[in-house]
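Before reading this report, please open the sequence beside the three-dimensional view, so that each passage can be followed on the chain itself. The report moves from recorded annotations to helices, and then to individual residues.

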Amino acid sequence: MSAAFAAPGWLHAVSIAALLLGAACALLLSVEVVRHPQHMTVMNVVWPVSALFGSVAVVWAYFRYGRLATMEAHHRAKERGEKPPNMTGTPFVVMVGKGALHCGSGCMLGDVAAEWLAFLVPAVAVWFGWQWAFEEKMYAVWALDFVFAYALGIVFQYYAIVPMRGLSPGEGLVAALKADTLSLIAWQVGMYGLMALVQFWLFPRLAGQRAPVNSVEFWFAMQLAMVAGYLTSYPVNWWLVGSGIKERM
């Protein structure tokens, strides 16, 4: 593949605008969670990271529902002897969405780290199957993506479940595996599916080749892929949250 990626001007401009919007939304929510920390500590990471791909929609969700789950709101409710406002003021459909974002933020961080690692150190892709298990480097990188995303997803889930249920480390790890495995697989299916469509079909038609990792078009596609991952993981999270395997947030 040639190093030069000649995308149409409109696509380049849209990609830059989408990435800047995501970055601005993430910065806004980073400031917000510093000023108003979430009761569930890991959500201080989930909200800004989710804004990188969900941008305005995630910002709206935070101000509409995320503010109900701050430490301040929980302390005020506790002083009045009431249930936390996020449990009484958050519809089930939103709780499911927050659960999906909780999984997706770990996926997002893992995928970003894996993609750049494989780009900067190509030997890593070889370790994960390129040239001996997969002819396409992308498939080997996807294997690396999954490992990174799964590891971070379990960490995120662990630090959500253990404090809420008061579990031991071993019990917490088992609970995190149960809560996150199916959700993460469903997320990655949507993410991989859209990236495959864009990289194997759309970009070759628009620019004559696939977008490299060091292009804004690649990361714009990744934003869209994360949205696709959210959609494919939502039904799984509905079942996980409804059955009590995953915590209501």
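## The annotated domain

An unreviewed UniProt entry carries the annotation "domain: DUF4396", and this annotation covers residues 95-246. In the model, which is predicted, the span of residues 95-246 is 83% helix and 0% strand, and its end C-alpha atoms lie 10 Å apart.

## Confidence in the model

The pLDDT of the chain averages 90, and 99% of the residues score at least 70. Among the elements of the chain, the highest mean pLDDT, 97, belongs to helix α1 (residues 9-35), whereas the lowest, 81, belongs to helix α4 (residues 85-89).

## Recorded transmembrane regions

Under "transmembrane region", the unreviewed UniProt entry lists residues 42-63, 116-133, 139-161, 182-203 and 218-241. Two of these stretches can be set side by side in the model. Over residues 42-63 the chain is 95% helix and 0% strand, with the end C-alpha atoms 17 Å apart. Over residues 218-241 the chain is 100% helix and 0% strand, and here the end C-alpha atoms are 33 Å apart.

A residue to look at within helix α2 (residues 43-64) is Ser 55. The phi angle of Ser 55 is near 40°, which is a positive value in a residue other than glycine. Ser 55 is also buried, because its relative accessible area is 16% and the cut-off for a buried residue is under 20%.

Helix α7 (residues 137-165) packs with α8 at an angle of about 145°, and the axes of the two helices are 7 Å apart. The crossing of α7 and α8 is right-handed. Sorted by type, the residues of this contact of α7 with α8 comprise 23 nonpolar, six polar and three charged.

Helix α8 (residues 169-207) also packs with helix α9 (residues 216-242), again at an angle of about 145° and with axes 7 Å apart. In this pair, α8 passes α9 in a right-handed crossing. The contact of α8 with α9 is made of residues that divide into 20 nonpolar, seven polar and two charged.

## Two residues of helix α9

Helix α9 contains Thr 232, and Val 227 is found in helix α9 as well. Thr 232 is partly exposed, with a relative accessible area of 35%, and Val 227 counts as partly exposed at 34% relative accessibility.

Each of these residues can be paired with one that comes earlier in the numbering. Thr 232 and Met 191 are 41 residues apart in sequence, while their C-alpha atoms are 8.6 Å apart in space. Val 227 and Leu 194 are 33 residues apart along the chain, and their C-alpha atoms are separated by 9.4 Å.

## Two exposed residues elsewhere

Val 34 has its place in helix α1, and at 65% relative accessibility Val 34 counts as exposed. The C-alpha atoms of Val 34 and Phe 134, which are 100 residues apart along the chain, are separated by 44 Å.

Gln 131 lies in the loop between α6 (123-127) and α7. Gln 131 has a positive phi of about 80°, although it is not a glycine. With a relative accessible area of 59%, Gln 131 is exposed.

## Cysteines without a disulfide

How many disulfides does the structure hold? The structure holds zero disulfides, and the pair Cys 103 and Cys 107 shows how the distance decides the matter. The cysteine sulfur closest to that of Cys 103 is in Cys 107, at 4.1 Å, which is too far for a bond, because a disulfide requires two cysteine sulfur atoms within 2.5 Å.

How values were computed
Residues are numbered from 1 along each chain as its sequence is written. This is a predicted model: local features need pLDDT of at least 70, side-chain atom pairs count only at pLDDT 80 or more; totals for chains, interfaces and linings use all residues. Side-chain values use heavy atoms; hydrogens and water are left out. UniProt positions are given in the numbering used here, feature names are shortened, and annotations may be inferred rather than shown by experiment. Helices (H or I, at least four residues) and strands (E, at least two) are DSSP runs, numbered from the N terminus. Axes are lines fitted to C-alpha atoms, for helices over the stretch in contact, and angles run from 0 to 180 degrees between N-to-C directions. A crossing is left-handed if the near helix is turned anticlockwise from the far one by less than a right angle, and right-handed if clockwise. Ala, Val, Leu, Ile, Met, Phe, Trp, Tyr, Cys and Pro count as nonpolar, Asp, Glu, Lys and Arg as charged, and the others, Gly among them, as polar. pLDDT is the predictor's confidence in each residue, from 0 to 100. Buried means under 20% relative accessible area, exposed over 50%, partly exposed in between (1.4 Å probe, protein chains only).
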